[in-house]
Amino acid sequence: MDYFDLHVRFNFENYKESGFSRVGIWGKDLEGFEDNRRSERLALLESADSSYIKPRIKRCSLIHNPNYELDLGVIRAAAKHEKAFEVPVRPLLASSGIERASIIKRTRRFLTICNKLGTDYILTSRASNIYETKRPAELIAIGCALGLTYDQSLRAITEVPKRIMGL
Amino acid sequence: MSVKPTMRDKRRYVSFMVEAESPVSEKEVFEAVLGSILSFLGELGYSKANPKPMKFESSTGFGILRCAATETDSVRSSLAFLSKINGKRAAIRLLSNSGSIRKLKKNFKS
């Protein structure tokens, strides 16, 4: 089975030893979305403002709202255009206590709505060094902590990233 | 009088590997692991999970933790959230879980 981590922020050379078939390195395979972009790389549309996201959904590859805002219009549009939301694990690792509980709560609610509306999502590490990387088993375990079933977490690191990368 | 086997708490053993920027001792690892489980699951969740350190090899970083069978997924999630051991950057790599320690040790050696 092929596992993917579509967003890491360092030159992760030994990704195959960690169990991944491909990783998306920021700046090389993945870049930020810009209105006049021309490159073929994957584009991550990241904004806390849903009204900024909605008109640009067709032209991006991945979407991330750091606040996990429950804008049903955006989530439905993402499902319609077969785009996926990115759920990075790094903010969970970097926080603790009530802040972490708050992030988990918002993410769980968001993922419940995504499952209900048939919108895809991927789990990524957004690691900036080797110690922040998470192997497939760990990403699946974190997905389960976010309210997903084992199969849903597995799909978020196998089928969906594969489709996004066009493989 | 001991508890009947059918009424006994069912246990699972979770194996993991520690990757840290500098060598860590068994005491440091298990303090961090149990602390991570406590902070993630809370006091009630910790009591249900009933984690207990079993074994840790400093040379290889291989460790085994025992927990309640019904809470294995929660314990594994808690381990995945651990990012520091005694102030040093570290990561816990989840290996496998089993009903017996012998099988885990055998899998690790192979």
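Trainee: Why is B:Glu19 called partly exposed?

Mentor: The relative accessible area of B:Glu19 is 24%, and since buried means under 20% and exposed over 50%, with partly exposed in between (1.4 Å probe, protein chains only), B:Glu19 is partly exposed. This is a predicted model, in which local features need pLDDT of at least 70 and side-chain atom pairs count only at pLDDT 80 or more, whereas totals for chains, interfaces and linings use all residues. Residues are numbered from 1 along each chain as its sequence is written, chains are lettered from A and ligands numbered from 1 in the order in which they are written, and side-chain values use heavy atoms, leaving out hydrogens and water.

Trainee: What makes B:Arg93 and B:Glu19 a salt bridge?

Mentor: A salt bridge needs a side-chain nitrogen of Lys or Arg within 4 Å of a carboxyl oxygen of Asp or Glu, and the closest N and O atoms of B:Arg93 and B:Glu19 are 3.3 Å apart, so the pair meets the rule. B:Arg93 sits in strand 5 of chain B and B:Glu19 in strand 1, 74 residues apart, helices (H or I, at least four residues) and strands (E, at least two) being DSSP runs numbered from the N terminus.

Trainee: How do you know that B:Arg93 is buried?

Mentor: B:Arg93 has a relative accessible area of 2%, so the residue falls under the limit for buried.

Trainee: What makes B:Glu28 and B:Lys88 a link between separate parts of chain B?

Mentor: Their side chains meet in a salt bridge at 3.5 Å, N to O. Because B:Glu28 lies in helix 1 and B:Lys88 in strand 5 of chain B, the pair ties together parts that are 60 residues apart in sequence.

Trainee: Which residues do salt bridges with shared partners join into one network?

Mentor: That network is made up of A:Asp120, A:Arg155, A:Glu159 and A:Arg163, and the count over all chains comes to 14 salt bridges.
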